[in-house]
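I opened my notebook to go through this structure piece by piece. Here is what I looked up, in the order I did it.

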Amino acid sequence: MAISAKIQKFMTNASFIRKMFEEGVRMRREFGAENVFDFSLGNPILEPPPQVHASIRRLLEKPQPGLHRYMSNAGFPEVRERIAAYLRDEFAEPFEAADLVMTTGAAGALNIALKSLLDPGDQVVVVAPFFPEYRFYVDNHGGELRVAESAADFDLDLASLEAQFGPRTKAVLINSPNNPTGRMYSAARLTELGALLAAWEQKTGHTITLLSDDPYRKLVYDGARAPNPFAAYPDTVLLTSHSKDLGLAGERIGYAAISPRHRDRRELTDALTFVNRTLGYVNAPALFQRVAAETQSAAVDIGVYQALRDRLCAGLADIGYRFTRPQGAFYVYPQTPIPDDQAFIRILQKHRVLAVPGCGFARTGHMRLSYSVSMAEVEGALEPLRAAFQEATSKR
Ligand SMILES: Cc1ncc(COP(=O)(O)O)c(C=O)c1O
């Protein structure tokens with residue numbers, strides 16, 4: 001076998017997501033697309049807001065020479081300046097263009113941050129349940145993943161986090177609003193996390209960088225605002241993208257923002273810029289850097305996601321599913337009515353509902369439902385969700 005043993009193992013372990021995807025294709029063929037309720041994918045349904053299309057048109061109607069050429073590996077300086085201005089407003093921190101590296105989505109930002117921080121064997125602490133790609137991204141750069149547990153309502157559990165700290169801990173990686181739970185950490189809880197990281201540094205002399213993976217920052221509901229991680233802790237790097245807030249997942253545009261108060265502010269930007277090049281990303285897509293610069297304050301209509309959340313949550317509660325109401329992103333993470341989440345996913349499938357088992361996110365006994373689907377799909381899924389619940393609980 002030409003493929004490395006490690007990648008073979010990873011592919012086997014990650015196969016449930018691929019299986020769900022293949023099942024979706026098969027079931028749509030067999031039963032018709034309108035009779036399959038697919039809650040397994042995190043693909044944003046909303047089209048980009050009009051500002052994005054207007055910006056693309058403007059850029060193409062009067063193309064500036066060099067629009068599509070290579071630029072600095074960190075991105076166009078004027079793009080970074082405009083985004084820095086947005087961040088100064090948003091976070092009340094003195095961001096400059098030099099604190100930003102434009103990336104190929106949040107995934108690219110995460111990879112360049114991890115590559116820059118980790119020596120082989122260094123550790124990154126994540127909070128379960130977590131986005132499964134973290135495991136692979138940390139491995140990409142020779143790191144070791146350490147898993148802390150969250151509280152029952154998926155809030156940060158600081159004692160569990162601290163229990164994972166050691167002399168090789170280089171970063172704590174958080175994601176709020178969260179995939180797969182929809183949980184958003186409060187400003188007070190982030191401040192406590194910052195205090196914990198500062199105390200660890202005082203005690204041990206080791207600095208832990210806080211990596212805040214925030215692609216869902218603007219997808220928060222009920223008029224809430226996502227809190228500011230830079231205020232909580234100086235040694236913070238924010239990784240984000242416009243995959244969800246501008247509906248541009250396929251265009252691969254995002255950025256890493258290094259806190260102006262990070263102790264290695266300039267060195268870290270230089271490192272991220274260097275590895276953006278050497279990992280082969282070279283630079284973020286040129287046209288969409290320009291578009292992002294012009295559309296920082298735009299967003300998709302989050303009211304649509306909020307209405308989907310409300311309808312799905314009301315339906316799930318009515319059936320008897322137990323879950324923590326999501327505050328953001330477009331996922332809900334209910335308990336499965338039987339402890340074996342994979343068995344319950346198979347029951348759901350019989351009823352033509354696709355979901356991802358909790359084992360994929362390192363918290364079993366749950367499932368992730370992505371409500372980035374149409375309202376008709378949510379409405380149509382409620383009876384099958386009820387039937388599956390009843391089938392599973394009648395067997396108990
Ligand atoms: C928590 C989290 N981080 C990062 C990403 C990667 O997003 P991007 O498309 O910006 O690379 C995703 C995508 O679903 C995600 O859910």
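This is a predicted model: local features need pLDDT of at least 70, side-chain atom pairs count only at pLDDT 80 or more; totals for chains, interfaces and linings use all residues.

I looked at who takes part in the contact: 28 residues from domain 1 and 30 residues from domain 2. On the domain 1 side, α12 (302–319) and β9 (331–332) each supply at least two residues. Helix α12 gives the most there, with four residues. By class, I found 16 nonpolar, eight polar and four charged residues on that side.

**Ligand.** Next I asked what surrounds the ligand, and got 13 residues, the closest being G105, A106, A107, S241 and S243. Helix α5 (residues 105–117) provides the largest share of this shell, three residues. I sorted the shell by class into five nonpolar, seven polar and one charged residues.

**Helix α8.** I finished with α8 (residues 187–204), whose 18 residues reach 26 Å from first C-alpha to last, close to the 26 Å expected. Which of its residues are buried? I found L190, L193 and L197. They lie on the same side of α8 because they cover an arc of only 55° around the axis. I reminded myself that an α-helix has 3.6 residues a turn, so residues three or four places apart point the same way. The cover over the buried residues of α8 includes α7 (158–163), β5 (169–175), β6 (209–213) and α9 (229–232). On the face turned away from that buried side I saw the exposed residues A188, A199, Q202 and K203. Just after α8, G205 takes a positive phi of about 80°.

Definitions and conventions:
Residues are numbered from 1 along each chain as its sequence is written. A residue is near a molecule or strand if its C-beta atom, placed from the backbone, lies within 6 Å of it. Ala, Val, Leu, Ile, Met, Phe, Trp, Tyr, Cys and Pro count as nonpolar, Asp, Glu, Lys and Arg as charged, and the others, Gly among them, as polar. Two residues are in contact if their C-beta atoms, placed from the backbone, lie within 7 Å. The expected span of a helix is 1.5 Å times one less than its number of residues. A residue is buried if 20 or more other C-beta atoms lie within 10 Å of its own, exposed if 12 or fewer, and partly exposed in between; C-beta atoms are placed from the backbone. The arc is that of the directions from the helix axis to the C-beta atoms.
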